[in-house]
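The report that follows is meant to be read beside the sequence and the coordinates.

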Amino acid sequence: MASAASHVSFLPPVLTFCGAAVIAVPVFRLLGLSAVLGYLAAGVVIGPSVLGLVGDPETIATVAELGVVLLLFVIGLELKISHLWSMKRDIFGLGFAQLALTALCLGAAAVAMGFSMNAAFVTGIAVALSATAIALQMLGERNDLQTGYGQRSFAILLFQDLSVVPVLAILPLLATGAAVEHETLFDRLITVAETLGAIGLVIVIGRYGLNPFFRILARTGAREVMTASALLVVLGAALLMEEVGLSMAMGAFLAGLLLAESNFRHQLEADIEPFRGMLLGLFFMSVGMSIDLALVQQQWMMLAIAAPTVIVLKTVLITVLSRIFGSSWRDGLRSGALLCTAGEFAFVLLPVATGLGLMAASEAQPVTALAAITMLLGPMLSTLIEKALQSRPEKAAAPDYDELPNHEGEGSSRVLVIGFGRFGQIVNQVLLAQNINATVIDTDVERVRDAARFGLKVYYGDGTRLDVLRAAGAEKAEMICVCTNDPETTVRITEIIHGNFRHARSFVRAYDRIQAVRLMNLDVDYQLRESFESAIVFGRAALEELGSDPDSAAAAAQDVRKRDIARLVLQKEIGTMGGAELVVGAKITPEPLTSPTSRAKALSPETRDILGEEVL
């Protein structure tokens, strides 16, 4: 039986990470710096080079890499294959040019420093790659992922991630001696077939199997099961890709890309988000822990020259290449500063190359330290450049990707509709009549499926969850229409909207007059009782059928509307009986100013029954 101490052995490192994050990140944010820098600095402090509070940073880094995996899955969810295809020029043109030129320059510098050709090749590629997690985190903090420079930066990062697979395949071919087993042509064909088969399997399952799978789970109503299924899909795809020699991050990205058209994408993103955020923070801290301050002290002169040189070189190259591919100098500089760091895959490529005998440990260690230092300094440069650019507004802004054709996503929808019942369906029809494509979420699986039969896109999602609303684009929406059936659910959603998305106008469906007053007390921008207007129209039609002329019937209907509005205002200020005298045909009996001193007596048999019922 395990001792009590073993049961809590995992708690000290967990508490260390939580404490470091809670202290460092708010401090850096208050200083106007990125949260990434806070995590990196916290990692340096708690790592073996300073306080040594964490005993095995490499084990932590292995777990923390899942943060990058989940990040790529979420990015895949936010893309569509058609949009990805429209970016092919930037992905395969700009991305290839950046990686090739940067690797060539850095490789030449490594040769000049005395590295062998193989070691120089690995160094050039490893440092030419950029930090996907850092760049995307900073783009997310700035809300710039859908801007022109954000999309071109993402195109470069995506090509870099795609290039990791062939680079890992090339390294064994460069190795010599007993460090690598010589494979036959047949073995290599088998490997290629396994890789293509794994990709095909993920595509088939993602295309035809996941929607029915999530639909079945959603019917159970168990929220924790949906969360577990989301993690199962992401980690399963990542593990399958890793088994056939691809990167886990690319497997997760492929799974996310295939689910980008799914009705469950917003719910999946909301379920994954907490894990992604925690593990990404852990990843950044593991990078900080990997910085060997003793090695930095020994080779401080070389690193002091190399780190700024790499950052400046990558910034200049990416700025110029972005300008050649259509960006403004301003956006090119933003992309350059954002991608000037070395990447996470440097910590993968360098150990592999060392194990294959392509470079000595004495060569790999300073390059590893260099990569970590650039990841520490790069975000500082990006933050400073961004502040400088914001202090000098551009006279004529370059067109963003949002303005380009074939780039329209749910994240940029002007309207978010919550609830797709009989009320929400009509609201959506009116919006579509004016070419306004709203993002619609609902918790009824059958309703989501039925909408697809009519060619309508409705997403599965719980509107009472803040994370789901954020994933559905509530932070960018101009208007949020709450069309849910249950009054309490409607009020709960409205309270969440007003507490977190005050910029958005709130249009809310009310069940009855009591709820309408309650919503007015919540300061909604517009509320309408679900049966009020239909009853007004019904009554107007009845008047016309009974012989009233259309103008008189319309005037009567409008008079009732005005009275109802005035009564609602009075009820909000006074209470339930406020404005009762405004009800058409109402007869309000004045109440006595003082209570009667004796019981009322019936003066005739006709009033006896009445007094018996109404007088106490």
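## Helix α24

Helix α24 (residues 532-545) has 14 residues and reaches 20 Å from its first C-alpha to its last, close to the 20 Å expected at 1.5 Å a residue, where the expected span of a helix is 1.5 Å times one less than its number of residues. Helices (H or I, at least four residues) and strands (E, at least two) are DSSP runs, numbered from the N terminus. Just after α24, glycine 547 takes a positive phi of about 115°.

## Basis of the model

This is a predicted model, in which local features need pLDDT of at least 70 and side-chain atom pairs count only at pLDDT 80 or more, while totals for chains, interfaces and linings use all residues. Residues are numbered from 1 along each chain as its sequence is written, and side-chain values use heavy atoms, with hydrogens and water left out.

## The chain as a whole

The secondary structure of the chain comes to 26 helices and 6 strands. Of its 616 residues, 46% count as buried, where buried means under 20% relative accessible area, exposed means over 50%, and partly exposed lies in between (1.4 Å probe, protein chains only). Among contacts between residues at least 6 apart in sequence, 73% join residues at least 24 apart, a contact being heavy atoms within 4.5 Å.

## Helix α19 and its surroundings

The 12 residues of helix α19 (residues 422-433) should span 16 Å at 1.5 Å a residue, and the end C-alpha atoms of the helix are 17 Å apart, which agrees. Within α19, Gly424, Asn428 and Leu431 are buried. Seen down the axis of α19, the buried residues fall within an arc of 60°, so they line one face of the helix; the arc is that of the directions from the helix axis to the C-beta atoms. The face turned away from this buried side carries the exposed residues Arg422, Ile426, Val430 and Ala433, whereas what covers the buried residues includes β1 (415-418) and β2 (439-442).

Valine 417, in strand β1, is buried, with a relative accessible area of 0%. Leaving aside its neighbours within four places in sequence, valine 417 is in contact with Leu431, Ala438, Thr439, Val440, Ile441, Cys481 and Cys483. Valine 417 and cysteine 483 are 66 residues apart in sequence, yet 7.0 Å apart in space, C-alpha to C-alpha.

## Packing of α22 and α23

Two packed helices are described by the angle between their axes and the distance between the axes. The axes of helix α22 (residues 487-500) and helix α23 (residues 513-521) come within 11 Å and cross at roughly 10°, with axes taken as lines fitted to C-alpha atoms, for helices over the stretch in contact, and angles running from 0 to 180 degrees between N-to-C directions. That makes α22 roughly parallel to α23, since angles under 35 degrees count as roughly parallel, over 145 as roughly antiparallel, 65 to 115 as roughly perpendicular and the rest as oblique. The contact is made by Pro487, Glu488, Thr490, Val491 and Thr494 of α22, together with Gln515, Arg518 and Leu519 of α23. These residues divide into 3 nonpolar, 3 polar and 2 charged, where Ala, Val, Leu, Ile, Met, Phe, Trp, Tyr, Cys and Pro count as nonpolar, Asp, Glu, Lys and Arg as charged, and the others, Gly among them, as polar.

Threonine 494, which lies in α22, counts as buried at 1% relative accessibility. Not counting residues up to four places away in sequence, threonine 494 touches Val482, Val508, Leu519, Leu522 and Val524.

## Positive phi in two loops

Most residues other than glycine have a negative phi, and most peptide bonds are trans. Asparagine 435, in the loop between α19 and β2, has a positive phi of about 60° although it is not a glycine, and asparagine 435 is exposed, with a relative accessible area of 70%. Aspartate 523 is found in the loop between α23 and β6 (526-529); its phi is near 60°, a positive value in a residue other than glycine, and aspartate 523 is exposed, with a relative accessible area of 54%.

## Isoleucine 46

Isoleucine 46, in helix α3 (residues 35-46), counts as buried at 4% relative accessibility. Leaving aside neighbours within four places in sequence, isoleucine 46 is in contact with Thr16, Phe17, Ala20, Leu51, Gly52, Leu53, Val54, Met285 and Met289. Isoleucine 46 and threonine 16 are 30 residues apart in sequence and 7.8 Å apart in space, C-alpha to C-alpha.
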